[in-house]
Structures are given as C-alpha cells and as structure tokens.
Amino acid sequence: MHTWPITLDDVRGAQKMLAGVARVTPMEGSRHLSGLIGAPVHLKCENLQRTGSFKLRGAYVRIAGLSPVQRAGGVVAASAGNHAQGVALAAALLGVRSTVFMPVAAPLPKVAATREYGAEVRLHGATVDEALQAAQRYAEATGAVFIHPFDHWDVVTGQATVGLEILEQCPEVRTILVGVGGGGLLAGIAAAVKPLRPDVRVVGVQAAGAAAYPPSLAAGRPVSLEHFATMADGIMVGRPGDIPFEVVNTLADGVRTVSEDALSRALLLGLERLKLVVEPAGAAPIAALLERPDSFEGPVVAVLSGGNIDPQLMQRVLRHGLAAAGRYLSLRVRLADKPGALADLLGVLTRVDANVLDVAHVRTDPRLGLTEVEVDLHLETKGPEHCALVVGELRDAGYVVVAG
C-alpha cells in the first residue's frame, strides 16, 4: 500500500480551511453531452471559482501552512494567468505580501486581475520558464517563499478538495475527467477519490501538442518534452511535477490526449450549448467526450478547471472552432479574369445559401495563367454536410477549387 504525506484527514482539514475562501462550485448537468455518450454527464464548474480557476485552493492551503517567519518574508510565484491570480488573492486574504513574475506578453486582463487581487506584478522574459527563473532568483535573494503551481504536497492537498466536492455532489459518479498540465489537480482528485471510491475511474486529459504525461507514465518517471505548443495555455507544461506524477502514476486511470480541433469545438460547445465561458485547458475534458464518446462509463463528471480566457485568444479559438465544426469554410477558387465572373461565382454561393464573410482577388500567383484569377473566400456555413455541398456545387458549376 502506497503511503503519502497527505491523508484524507488532511484533505478534509483543507476543505474546512477553505470554507468561506473558495466557493463550493456548482455541478451542472448537460443534456447534450449526456445524449452524446448515452449516460449522465455532469460539469464541475471550477471556471466559476473565485479568480476563475481551481488554483486558489492549492495556493491558499500552501500559504496558510507557512510559519509566521515565512509569511513575514512574503511569497513569490511565476505564472501567465491562473496560478498568478490564485496566489495573489490567497496571499491578500492571509495578509501576506506577494510578488508575481509574468511574461512580458502575458494577456493584459490577467496582468490587471493579478494586480487587483493584491500582488506586485513584475513582467519578465518572453516565456513562463523565463519568468519562473526570475521568480526563483528573487526568492533566493529576498527570502520570499516560492509558491510552486503544482509540485508541492500542500498544493496537491488544496486541489484534492475538488475531489471531495465531486463525491458529495455526485455520489453516483463512475468516471471523472480532469485536464492535466503539471498534474496537481489530477493528483489531488485521485488522492481524495480513490481511497473512498476505488471503483471510480479518474482519467487525465492533455492537449496532444503538450502531452508530457503519456511518455512519462510509459517510462515510469517524469519525462521532459523538447517541443510543445497548444492553445490550452493553462495546461501547457513540458514536464510533469515530481509529486503529482508519483500520485498519478499510482492512483489515476491513465491520461488521454485531445487535438486542437477538439479543444476548439469543446470551447464553442461551452458557449453555445452549456452557456459557460471555459478556457481551452478547462474544456479539455469536454474535448475528450467529443472525440471518444463511447469510451467513458457514466455517470461522468467533467471538471471545467478554469474560465480565464483572453478575449483575443477567444476570438481566434472561436474561429478555429467554427471551422472545425464545419461552420466556417475557407476556399480558394480559380476562375476566368473577365467582367461578371465574380458575380457568377457569388450567384452559385447564393443558391447553396453560403454567407460570404470575406472575398479577395489573387492575380499575382505564378501558377495562374494570363487570363486566370484566384478568389479567396471565407464563408459562413451550417456544418460539414453543408461544406461538402458548397464545394460540390462549385465544382459542378465548372470552378476549380484549389484549396479548402
């Protein structure tokens, strides 16, 4: 039997500590997702948590556990968003001075929110890794306590309170899906749920472009990715934390990966059908349900870990999601360069009820003949079948569709 530095009593103690600090976030049912998988699906809405994510839980438990001397020296953290806001608010509530290093290009709303929660924000470096190094140097120079976003037992204990709430709110649960970056939330939920309900499957979900856990679990130790990128910045972590990995490797029921298209469609579904603003990292469990609806035993609880999404990223992701869902179609069509040719092309699109959002002529491509022109079209469509109809009608009308 594996023994951890934390017990269920520790997690219950953290739950009491967080009473009045962190919200007991709601559990919402989804008729659409339930119909998709053929079993009840419930959403654990940590996107509605204070600061917009679960991070407040672990940050508060970690800082509350500091000695008076440590508190007097302040705390320091590095983050591009959710952890920054969680540390800032937790420190303010506990009367502790906080400094947060954020990348220079961090989204302005997240920088402003972190400052409003009470932290001194220092912009440093182009990446979170560079901000992290600066925060660690600051801790060494000043004596401030570095608050790691996931690799500390107190942080895992705080996140574990989400698991207790899930069992209280949905005791019939059979599968819990959790987005994974460094692994603190997945480890915490597994550590809380498995001793009480070993029959419940606790499954992690990572973005395929930043999936460090599958190779790490295969190797039996944390493995670093050389290259990683995903729109889900909240789980874009290149190496599992040592502490979370130990728990996940022992207790969790595996980690799945999801594509960028699935993340986009999940975020769009959150807005359209669930009426919830969810960031891409928080939408990862929904993406797993969309990609593999037949592979999860219900009732399922999908943990929506956060809702902090930059408006500019939201715009890009929504466009990507619309395209992935067949609601947005980009085409390049070749036609004769003569008066009325564009009007004829638009007439075909009118007949198939495709709404033109943007149109541009391309005349300088060396692949074009002397009397040819290509037209870039951006269309609003009604789904994959409609997209296929649009392309088919254009080709039937004699047009060469060269891209799309």
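Start by selecting Leu43: not counting residues up to four places away in sequence, this side of the tour finds Leu43 touching Pro26, Met27, Glu28, Ser30, Leu33, Leu274, Leu276, Ala302 and Leu304, where contact means heavy atoms within 4.5 Å. You're looking at a predicted model, so local features need pLDDT of at least 70 and side-chain atom pairs pLDDT 80 or more, while totals for chains, interfaces and linings use all residues. Residues are numbered from 1 along each chain as its sequence is written, and side-chain values use heavy atoms, leaving out hydrogens and water.

Together with Leu43, they touch the most other members of the largest nonpolar core, which has 38 residues. Such a core is a set of buried Ala, Val, Leu, Ile, Met, Phe, Trp, Tyr and Cys residues joined through side-chain atoms within 4.5 Å; buried means under 20% relative accessible area (1.4 Å probe, protein chains only). Among the elements supplying at least two residues each are helix H2 (31–37), strand E2 (41–45) and helix H13 (284–291). Helices (H or I, at least four residues) and strands (E, at least two) are DSSP runs, numbered from the N terminus.

Now pick H13. Seven of its eight residues are buried, including Ala284, Ile286 and Leu290.

Last stop: select H3 (55–64) and H5 (82–93). Their axes, lines fitted to C-alpha atoms over the stretch in contact, come within 8 Å and cross at roughly 45°. That makes H3 oblique to H5. Show Leu56, Ala59 and Ile63 of H3 with Val87 and Leu89 of H5, which are among the contact residues.

Key: Axes are lines fitted to C-alpha atoms, for helices over the stretch in contact, and angles run from 0 to 180 degrees between N-to-C directions. Angles under 35 degrees count as roughly parallel, over 145 as roughly antiparallel, 65 to 115 as roughly perpendicular and the rest as oblique. Buried means under 20% relative accessible area, exposed over 50%, partly exposed in between (1.4 Å probe, protein chains only).
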